[in-house]
Structures are given as C-alpha cells and as structure tokens.
Amino acid sequence: MSDYLKFLAKFGIGGAHPGGLPLTKEILKSEKVENSMAILDAGCGTGQTAAYLSRKFRCDVTALDYEKMMLEKAAKRFEREKLPVHIVHGSTENLPFDDQSFDLVLSESVTAFTNITKSLEQYARVLKPGGRLLAIEMTKEGDFTFEEEQKVKEFYGVKDILSEKEWCNEMLHAGFYKVETIAEDTTVKHAPLEEISEFKLSQDFELHLFQIWMEHQEIMNRLRERLTYRIYKAEKSNA
Ligand SMILES: C[S@@+](CC[C@H](N)C(=O)[O-])C[C@H]1O[C@@H](n2cnc3c(N)ncnc32)[C@H](O)[C@@H]1O
C-alpha cells in the first residue's frame, strides 16, 4: 500500500475523492436510486458515501475495502448511525460476491489505485444486467514528463495513469457497453480537501504522515491542469 493510502486510513478521511460527498450527492441526483436496489461501495474508505446511501435511500448497501483500518472507522459510523450496511473486507480485484449481485457499483477514487483491468472486470461480473458503474477517477489530461509520471505513480502507488479515452476503452473491454463521461466540475475541483472532507484521526497517528499530506498538496498544485478527474457512468448490457 502506498504511503498516501496509509495516510488516508490513519487520517480517516471521509469523502477522500475529488468533490467529496457534495459531488457524490450531485451525481446521484440523476440516478434512479430506489430502496429495492443492492449497491456496492467498492473501496468505501470510512464509509461516508455508504452511510449516505443507506440513510437516504434505505437500500441494501455493501461497503467493501481492503484496508482494515478504514473498515473499522466505517463500522463505527454505521453503528453510531444505526445503519444496516454490510461491511466486507476484500479487494476490488477479486470481489467476494456472486455474479449479478448488484444494481449499482460505486468506485470513488479507488479503481485508479488497483489493477484497473481486473477491478473493472469484477464490477461488470457482479453487476446485474443493465446495472451501472459510477466511478470518479484520476484522469490524465495532456502530457507528463517522464519524471512527473514516475513521481505520481510512486507517490500514489498507481501502475498507470489513464486518459479519459483509455478509461473508456478499459470499461468497454471489461464488458460495459455504454460509457458516459462528465468532465470535472470546476467548482468542486478547487475546493480544498479539508473543506469537503471529515477527519477521523487514529490515536497512533504518526507525525511524519503530515509530510505525505504536504507532498500530496504539492503534486496537486503542480499538476493541477493535467492530473484531473472524470466522472464515468458505465452500463452493463441487458443481455
Ligand atoms: C482515495 S480512498 C477513497 C475512499 C472512499 N471511496 C472515499 O471516497 O472516501 C481509496 C480507497 O480505496 C481503498 N482501496 C485501494 N485499493 C483497493 C482494493 N484493491 N480493493 C479494495 N479497496 C481498495 C483504500 O483502502 C481506500 O479506502
């Protein structure tokens, strides 16, 4: 796991994706979420989105993450709010669910950190026919120098940084038949993470992790125009 993901877990950042929960709420407005639906929040982190889905739509929500510290923080949240969210420890690359289990899969700044091909294939497998994937993912815009690319890969622990076209191709290849992309919303893009996130600090938080936070800010400032994100909406065919 990259130091960046370790930092997010220890810091207990809720809404650790661009735009945070306000963007999630905005995206969900155009989705027909009903209480009969089964939804997977893949890479749920501290469970902020999963809690929102369960609270607002009363649907069957599963929150999965491979980082136990994140799941502990999510579990406390669901317990506190008395929400019946299923908590599952596992990887998006090998989802512990039957085929065609979910109506909707959310990946909020998660898939980019994983083996993208494997995770997308897994989302397509566990979605029901006609089911949808909503993903908010780091997207490369324009060119990086070799050093910039290496820095981003090393810091975030990602194998590839995909362009919008590459993300769409990966989704089509994984078995989605329709992929729609929405460019980043500049109003949320420039809101600092601390304004849109909440923090659930671990007691044994190491001070050196603040350095990771500073480095993240520095990379984001330096590559602001080229390391952006997109909202991807992909649909699995009905056949
Ligand atoms: C940037 S955080 C986003 C968390 C959450 N979706 C949110 O928006 O707050 C990325 C999350 O993905 C999780 N993660 C990374 N790789 C994973 C994998 N292969 N399987 C499951 N979770 C993974 C990390 O543990 C972390 O919680």
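This is a predicted model: local features need pLDDT of at least 70, side-chain atom pairs count only at pLDDT 80 or more; totals for chains, interfaces and linings use all residues.
Residues are numbered from 1 along each chain as its sequence is written, and side-chain values use heavy atoms, with hydrogens and water left out.

Let me start with the ligand. It is surrounded by 21 residues, of which the closest are Ala16, His17, Gly43, Asp65 and Thr92, where a residue is counted if one of its heavy atoms lies within 4 Å of the molecule. By class, this shell has nine nonpolar, nine polar and three charged residues; here Ala, Val, Leu, Ile, Met, Phe, Trp, Tyr, Cys and Pro count as nonpolar, Asp, Glu, Lys and Arg as charged, and the others, Gly among them, as polar.

Turning to the backbone, a polar backbone atom of Thr92 lies 3.0 Å from a nitrogen atom of the ligand, and for Glu108 the distance from a polar backbone atom to a ligand nitrogen is 3.0 Å. The protein covers 98% of the 590 Å² of accessible area that the ligand has on its own, as given by the Shrake-Rupley method with a 1.4 Å probe, and for residues only the protein chains shown count as cover.

Next, consider His17, which is in the loop between α1 (3-11) and α2 (20-29); helices (H or I, at least four residues) and strands (E, at least two) are DSSP runs, numbered from the N terminus. Is His17 buried or exposed? His17 is buried, because its relative accessible area is 4%, and buried means under 20%, exposed over 50% and partly exposed in between, with a 1.4 Å probe and protein chains only. The His17 side chain also makes a polar contact of 2.9 Å with the side chain of Thr24, that is, a pair of N or O atoms within 3.5 Å, where within protein one must be able to donate a hydrogen and the other to accept it, and residues adjacent in sequence count only if both atoms are side-chain atoms.

Leu64, in strand β2, is buried as well, with a relative accessible area of 1%.

Finally, Lys82 is not a glycine, although its phi is positive, at about 55°. Lys82 belongs to the loop between α4 (68-80) and β3 (86-89), and with a relative accessible area of 72% it is exposed.
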